[in-house]
Structure formats: structure tokens, C-alpha cells
Amino acid sequence: MSVPLKLLVLIVDVLILKVTAQRSDRMNAFRLYLSNDTVSDRDAFLCYTDQKIAGTPDVTQDINCNSLTKNVYFFNRRLSARNGEGAFVELCYIAIYGCWKGTWGVNCTNACPANCLDNHCYPGNGSCIWGCDSRNCLQDMCDRNTGVCSYGCKAGLVGQNCNNEFCE
């Protein structure tokens, strides 16, 4: 089962709801992959594997992924049971939580700080994922979480992220 997304998304959480608690053992050993292309592509990331712990998986799975991706893949490749029954996918709902690249907040309506590297920030709080671009900052230093220049802006620049030119 594949869920293609239109744009690059930072997925923070995947919620999977199974149809019924009866026979939830059919989900044993399921896997959740994230990829920007196909699941067989080199960038495919195994986000979660059910550990086949005695008993059955919960009918509600809340999985934290924290990964940039364009595709979400759900696989159930378990071997046949003793009765010959193969793998099943009996899902009611898959909810993918995160924001499009460059946005954060409720409904992803806030823009990431201008100094965040490659315009990537966490959907929950807007902090920079990979740090900040400090080229416009005094002493080339900025707060890696907020993107704000630590000691102010270089000459001729203004704004929280020192990305606006000073006008007289």
C-alpha cells in the first residue's frame, strides 16, 4: 500500500488504525517505509518494523518517523501461518502528520524562519532542523534552532534573520 504526497513533507507521526481487534495478528511483522521515489530506491528509509512480540500488534499504531519524504509505504510480508493463511492488510485509516517543506504550525500556515538551512523546520515548533545560515550574521553566528542571528546583523542588513536590506 502506497501513499504518494505531492511535495516533500517532514513527517513527524504516522497513525495507523486497523479495522478490528479481531485477528489483529494478521498485521504481525508489518513495516513502514518512507522514500522520495520507490520503496526499492536507495533513499528508502525503514521507519518502523513490528517486532513480532508474542500476542498481536495494537489495533492503533502511533509511529514517530521524523523524516523528509514524498512517499509512505505500508508492507505486510509475513510468512504464512501454520494454517496456510498469508499476510493481510486490513487497515481502516492511515493519518500522516507533518508539514510541507518550508512551513510549520497548526495547518502548516507559518513560514519557517528565513535562516533555516534549506528552508526546513520542525512542524511542531518552527525550529530549524539542520541549523541556520549565518552568512548575514555578525561573527557568522546564529541560533541553530530559531535561525535568529546571535549578535545582530552585518552592515546594511536588518530583520530578525538579517535577510532584509536597510533602507533610509
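These legends accompany close-up views of charged side chains in a predicted model.

In this model, local features need pLDDT of at least 70 and side-chain atom pairs count only at pLDDT 80 or more, while totals for chains, interfaces and linings use all residues. Residues are numbered from 1 along each chain as its sequence is written, and side-chain values use heavy atoms, with hydrogens and water left out.

View 1. Let us start with K101, which sits in the loop between β5 (91-100) and β6 (103-104); strands are DSSP runs of E with at least two residues, numbered from the N terminus. K101 counts as partly exposed, at 37% relative accessibility; on this scale, buried means under 20% relative accessible area, exposed means over 50%, and partly exposed is in between, with a 1.4 Å probe and protein chains only. Apart from neighbours within four places in sequence, K101 is in contact (heavy atoms within 4.5 Å) with L8, D118, N119 and H120.

**View 2. K101 and D118.** Here is one of the 3 salt bridges found in a search of the whole structure. The term stands for a side-chain nitrogen of Lys or Arg within 4 Å of a carboxyl oxygen of Asp or Glu. For D118 and K101, the closest N and O atoms are 3.5 Å apart. D118 lies in the loop between β7 (110-111) and β8 (157-158) and K101 in the loop between β5 and β6, so this pair ties together parts that are 17 residues apart in sequence. Their C-alpha atoms are separated by 9.0 Å. D118 is exposed, with a relative accessible area of 52%, whereas K101 is partly exposed at 37%.

**View 3. R135 and D133.** What distance, N to O, goes with the salt bridge between the side chains of R135 and D133? The value is 2.5 Å. R135 is exposed, its relative accessible area being 62%, while D133 is partly exposed at 22%.

**View 4. K154 and D140.** In this salt bridge, the closest N and O atoms of K154 and D140 are 3.0 Å apart. K154 and D140 each lie in the loop between β7 and β8, so the pair ties together parts that are 14 residues apart in sequence. K154 is partly exposed, with a relative accessible area of 31%, and D140 also counts as partly exposed, at 45% relative accessibility.

How values were computed:
Helices (H or I, at least four residues) and strands (E, at least two) are DSSP runs, numbered from the N terminus.
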